[in-house]
Amino acid sequence: MTLFELVKVALDELYDEGKAQHGASLDDKIKAKISYLAGGYRGLTDSSRRAISYRDPATRFAYVMKYVATHGDYVVQTLEALRDVNGGKVFSAESARLSCVGGGPGSDVMGVLKYLSENKKEPVKKLTCYLLDGEQAWADTWTEIGDALQSPVSINVNFQPLDVTKPESWNSQKKFLLADLFTFSYFVSEVKAFDKGGVVGDFWDKIFTEASIGANFLYIDNGYKEFNEFFDSFWRGRKDVECLYEDDNQWTTPRGSEQSDELGEYKTKFGQSPKLKSMISTRILKKIK
Ligand SMILES: C[S@@+](CC[C@H](N)C(=O)[O-])C[C@H]1O[C@@H](n2cnc3c(N)ncnc32)[C@H](O)[C@@H]1O
């Protein structure tokens, strides 16, 4: 299954959830939320802005339709880069753990599963995923993803509420720190404005300090100097984290195997296509001691 085919399955469910809440006004709500998100993402560098809310099912539908398959494909492309600098494989054991920070919408986990389905040399047979996100409403969307993907890998997806700006929500969480792979996809730009008193930096300090030796970290985000420098400030200068790959501000598109035509019905209904071109920055880091 392609990422766009998977997204279509999730969208059908989200549409039903939206209908139950908004009834006949759902389509107009979704159109308005597509604009709401685009406006929110244009203003990410404004430190006085309000946080973007994903609570409403119409907003979650808008997000999944516009961004999830494309972001998932960027995760696949970044994993391919990691595989190539890591001796031909990303993972080293049959059982692996994945922690997706800001991973509620499912792009990151879909990307990892897609990568595993395409890379038969990877030894992983069982994948335990932690989706860590401040918005609880995402919890239902992807917990049955393994069934939809018909993946040969056995998958266990756990949603864990976690707000990086509230240390009380992550201070006592331990399991997600055991991950072999952490993903931060379009997350750092979303929380940079809320780094009051250095709380966001404290969160990354915890991750880099407590992660297991050998763990990899994937950072993918909007290609802007402010976000690149903000993320880099968390790891550059650390002796226990090595950078395996970095790339700044590159125009990127999903691979040719991904066709957004799968979403034709919704593209017509909302007069909108998924985002298919983005300027992104990438970092692949490794915990080395
Ligand atoms: C732009 S989306 C990125 C989602 C996904 N990783 C991707 O690449 O498509 C940002 C995610 O961060 C979550 N988020 C925003 N602020 C947060 C916070 N303070 N703590 C934890 N999650 C937060 C949102 O609920 C949303 O799921």
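Is Lys287 buried or exposed? Lys287 is buried, with a relative accessible area of 4%; buried means under 20% relative accessible area, exposed over 50%, and partly exposed in between, using a 1.4 Å probe and protein chains only. Before going further, a word on the model: it is predicted, local features need pLDDT of at least 70, side-chain atom pairs count only at pLDDT 80 or more, and totals for chains, interfaces and linings use all residues. Residues are numbered from 1 along each chain as its sequence is written, and side-chain values use heavy atoms, with hydrogens and water left out.

Back to the lysine. Lys287 sits in strand 7; here helices (H or I, at least four residues) and strands (E, at least two) are DSSP runs, numbered from the N terminus. Its side chain reaches the backbone oxygen of Phe208 at 2.6 Å. That counts as a polar contact, a pair of N or O atoms within 3.5 Å; within protein, one must be able to donate a hydrogen and the other to accept it, and residues adjacent in sequence count only if both atoms are side-chain atoms. Leaving out residues up to four places away in sequence, Lys287 touches a list of residues that includes Phe208, Thr209, Glu210, Phe217 and Asp240, where contact means heavy atoms within 4.5 Å.

Seven strands form an open sheet in the order 3-2-1-4-5-7-6, with mixed pairing; two strands pair if DSSP finds at least two bridges between them. Strand 3 (154-161) and strand 6 (241-252) are the edge strands, each pairing on one side only. From one strand to the next the twist averages 15°, with axes taken as lines fitted to C-alpha atoms, for helices over the stretch in contact, and angles running from 0 to 180 degrees between N-to-C directions.

Five of its five residues are buried, so strand 4 is largely enclosed by the rest of the structure. In a regular strand the side chains alternate between the two faces of the sheet. Here both faces are covered: Leu181, Thr183 and Ser185 are buried on one side, and Phe182 and Phe184 on the other.

What flanks this strand? Strand 1 (residues 95-101) pairs with strand 4 in the parallel sense over three bridges. Leu98 has Leu181 as its bridge partner in strand 4, and Cys100 has Thr183. Strand 5 (residues 216-222) also pairs with strand 4 in the parallel sense, over five bridges. Phe182 stands opposite Phe217 in strand 5, while the bridge partner of Phe184 there is Tyr219.

Strand 5 is mostly covered too, with seven of its seven residues buried. Strand 5 and strand 7 pair in the antiparallel sense over seven bridges, and Asn216 stands opposite Lys286 in strand 7.

Next, the helices against this sheet. Helix 4 (residues 107-118) lies across strand 1, strand 2 (126-133), strand 3 and strand 4, running at about 160° to strand 2. Helix 9 (residues 225-235) lies across strand 4, strand 5, strand 6 and strand 7 (278-287), and runs at about 5° to strand 7. The buried residues of helix 9 include Phe227, Phe230, Phe231, Phe234 and Trp235. Among the elements covering the buried residues of helix 9 are helix 7 (188-191) and helix 8 (199-210). Helix 9 is followed by Gly237, whose phi is positive, near 95°.

Then there is the ligand. Of the 21 residues around it, Tyr63, Ser107, Asp133, Asp163 and Ser185 come nearest; a residue is near a molecule or strand if one of its heavy atoms lies within 4 Å of it. A polar side-chain atom of Asp133 lies 2.6 Å from a ligand oxygen atom. A ligand nitrogen atom is 2.9 Å from an N or O atom in the side chain of Asp108, and a ligand oxygen atom is 3.2 Å from one in the side chain of Trp138. The protein covers 94% of the 600 Å² of accessible area that the ligand has on its own; accessible areas come from the Shrake-Rupley method with a 1.4 Å probe, and for residues only the protein chains shown count as cover.

Last stop: Glu258, in the loop between strand 6 and helix 10 (264-270). Glu258 is buried, with a relative accessible area of 6%. Its side chain reaches the backbone nitrogen of Leu3 at 2.9 Å. Leaving aside neighbours within four places in sequence, Glu258 is in contact with Thr2, Leu3, Phe4, Asp73 and Lys114.
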